[in-house]
Amino acid sequence: MTSTSSTDVPSAISADALIIGFGKGGKTLAAKLASTGRTVVVAEANADMYGGTCINIGCLPSKSLILSADRARREGANRTAETREAAFEAAIREKRRITAMLRDRNYHKLADQGNITVITGRARFTGTHSAEITTADGPVAVAADMMFINTGATPHIPDIPGIRTTPGVYTSTGLMDVDELPQRLVIIGAGFIGLEFASMFADFGTAVTVLQHSDEFLPREDEDVAAAIRAQLESQGVRFLFGADTKAITSADDGIRLSVSMRGTSDVGSEARLCLSTDAVLVATGRTPNVEGLNLEAAGVELTERGAVKVDDLLRTTADGIWALGDVNGGPQHTYISLDDYRVVWSQLNGSARPYTLSDRRNVPSSTFLHTPYSRVGLNEREAKAAGLDYVVKRLPVATVPKAQVMRRPEGMMKALVENGTDRILGAMLLAAESHEVINIVKLAMDMGAPASTLRDMMFTHPTMAEALNDLFA
């Protein structure tokens with residue numbers, strides 16, 4: 001099987017496997033299957049998405065912009081309109097360079113293999129083991145014994161008048177590719193994606209306002225942690241409006257106008273209307289599994305109540321011989337989860353005596369790349385209390401960490417939970433510089449069943465942020 005452009009692909013192909021979507025789990029699985037001699041077809045609807053969400057419109061481009069924004073703030077380039085614009089233009093150029101380079105590498109990593117065919121086109125099931133890929137040069141029929149759905153997720157757009165038709169309203173994908181820095185930005189949604197963008201644009205010098213539907217900030221996090229994150233963002237100049245419902249979005253002479261209903265502004269149950277003017281709007285109200293157009297019913301693949309592809313503990317769908325990997329199956333929306341989904345699937349195909357399952361997955365870490373990164377793993381206090389666990393809280397101000405002072409990054413806090421009697425690490429929450437690196441050490445200790453005293457007594461190099469774990473777990 002060859003790897004050529006869609007113009008050279010026959011109208012009908014038989015293969016061992018069809019992978020729909022070029023995301024992390026799917027592309028890794030494709031390469032592994034091909035290395036064992038299996039023939040693979042990879043269908044990707046958009047040539048700009050080779051490599052998946054993370055490389056093109058997610059983790060890596062956003063982190064490139066976040067680092068550029070931090071540099072602009074540190075160097076004072078965010079102080080005037082002229083220097084802000086120059087810094088932002090340079091950041092966008094660098095982001096585009098990185099994504100183009102990675103996209104090309106990812107494409108050729110698969111397409112250059114002799115038994116992988118990469119087809120640019122939208123796939124739809126025509127049966128349990130058959131699909132049709134619509135390409136610019138006509139349909140391609142694919143028959144395969146194994147099918148893998150790896151189509152990711154797409155931004156959720158709430159039903160607000162004007163939200164889809166008003167120029168200057170973006171999802172995260174579009175806002176990461178604008179040519180001019182907005183002087184004013186309104187973000188609808190105070191989840192972690194919205195907060196990353198709020199922090200980034202504030203560092204570039206944009207006036208940022210975040211609208212949150214509920215009255216509580218980060219309701220799943222502990223109150224002290226949420227308060228520290230909010231204080232950090234507000235110190236950057238980010239403005240928060242809670243109990244805010246956007247009723248309409250329209251174009252105006254000075255940019256964009258939002259009509260916002262504010263609950264509880266005075267008396268209990270009261271409501272007031274607020275008119276906000278801005279240059280750009282970011283819709284950050286979550287992401288939904290991307291199943292549109294797949295014609296799943298033709299294959300017998302069912303969805304969950306939340307619209308994700310229904311899978312079991314081995315990521316098998318309700319149709320025999322079809323699996324679902326990554327965001328489309330409703331799991332945590334992280335690229336490393338998609339990679340771990342690959343491990344679940346591959347463990348079934350490589351002859352393992354006992355396949356790796358979702359139930360085996362433990363202690364999933366997460367990081368939010370704010371101006372001060374926030375990372376956590378395991379349980380927080382809310383969850384530990386709900387589980388009835390007996391624990392002690394460990395706290396450490398980041399300002400006491402020598403490396404934080406050396407880096408001129410003393411802001412933040414570290415917090416951990418340790419079970420009384422067993423010294424078991426229940427979880428950790430790190431709002432600190434380089435927390436996205438340090439949290440992996442905590443995860444490893446938890447996975448190995450190491451007691452908290454292991455991190456308390458471990459020898460670390462100096463000066464590092466990791467050595468703060470000595471004092472945190474003391």
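Analyst: Phenylalanine 217 is buried, with a relative accessible area of 9%. That falls under the 20% cut-off, so the residue counts as buried. Its partner is phenylalanine 240. Phenylalanine 240 is buried too, and its relative accessible area is 9%. The model is predicted, so side-chain atom pairs count only at pLDDT 80 or more.

Now the geometry of this pair. The ring centres of phenylalanine 217 and phenylalanine 240 lie 5.2 Å apart. Their planes meet at 65°, so the pair is edge-to-face. The cut-off for that label is over 60 degrees. Phenylalanine 217 sits in the loop between β10 (207–212) and α7 (223–235). Phenylalanine 240 belongs to strand β11 (residues 239–242).

The whole structure holds 11 aromatic pairs. One of them joins phenylalanine 148 and tryptophan 323, with centres 5.0 Å apart. Their planes are at 20°, so this pair is stacked. Phenylalanine 148 lies in strand β6 (residues 138–149), and tryptophan 323 in strand β17 (residues 322–324). The pair therefore ties together parts that are 175 residues apart in sequence. Phenylalanine 148 and tryptophan 323 are both buried.

Rings also form a cluster. Ring pairs connect Phe88, Phe197, Phe201 and Phe204.

The largest cavity has a volume of about 70 Å³. Its lining includes Pro155, Thr171, Ser172 and Ile193. The run Leu282, Val283, Ala284, Thr285, Gly286 and Arg287 also lines the largest cavity. By class, this lining has 5 nonpolar, 4 polar and 1 charged residues.

Then there is an open site. The second largest pocket holds about 440 Å³ of space. Its lining counts 19 residues, and the closest to the pocket centre are Leu67, Asp70, His371, Arg409 and His436. Helix α3 (59–74) and helix α6 (192–204) each supply at least two lining residues. The largest share comes from α3, with 6 residues. By class, the lining of the second largest pocket divides into 9 nonpolar, 3 polar and 7 charged residues.

Key: Residues are numbered from 1 along each chain as its sequence is written. Side-chain values use heavy atoms; hydrogens and water are left out. On a 1 Å grid over the protein atoms alone, a cavity is a set of points where a 1.4 Å probe fits but cannot get out, and a pocket is an open set with protein on both sides within 12 Å along at least five of seven lines; lining residues have an atom within 4 Å of a point. Grid points are joined across faces, edges and corners, and a volume is the space filled by probe spheres set on the points. Helices (H or I, at least four residues) and strands (E, at least two) are DSSP runs, numbered from the N terminus. Ala, Val, Leu, Ile, Met, Phe, Trp, Tyr, Cys and Pro count as nonpolar, Asp, Glu, Lys and Arg as charged, and the others, Gly among them, as polar. Rings of Phe, Tyr and Trp (its six-membered ring) pair if their centres lie within 6.5 Å; planes under 30 degrees apart count as stacked, over 60 as edge-to-face and the rest as tilted. Buried means under 20% relative accessible area, exposed over 50%, partly exposed in between (1.4 Å probe, protein chains only).
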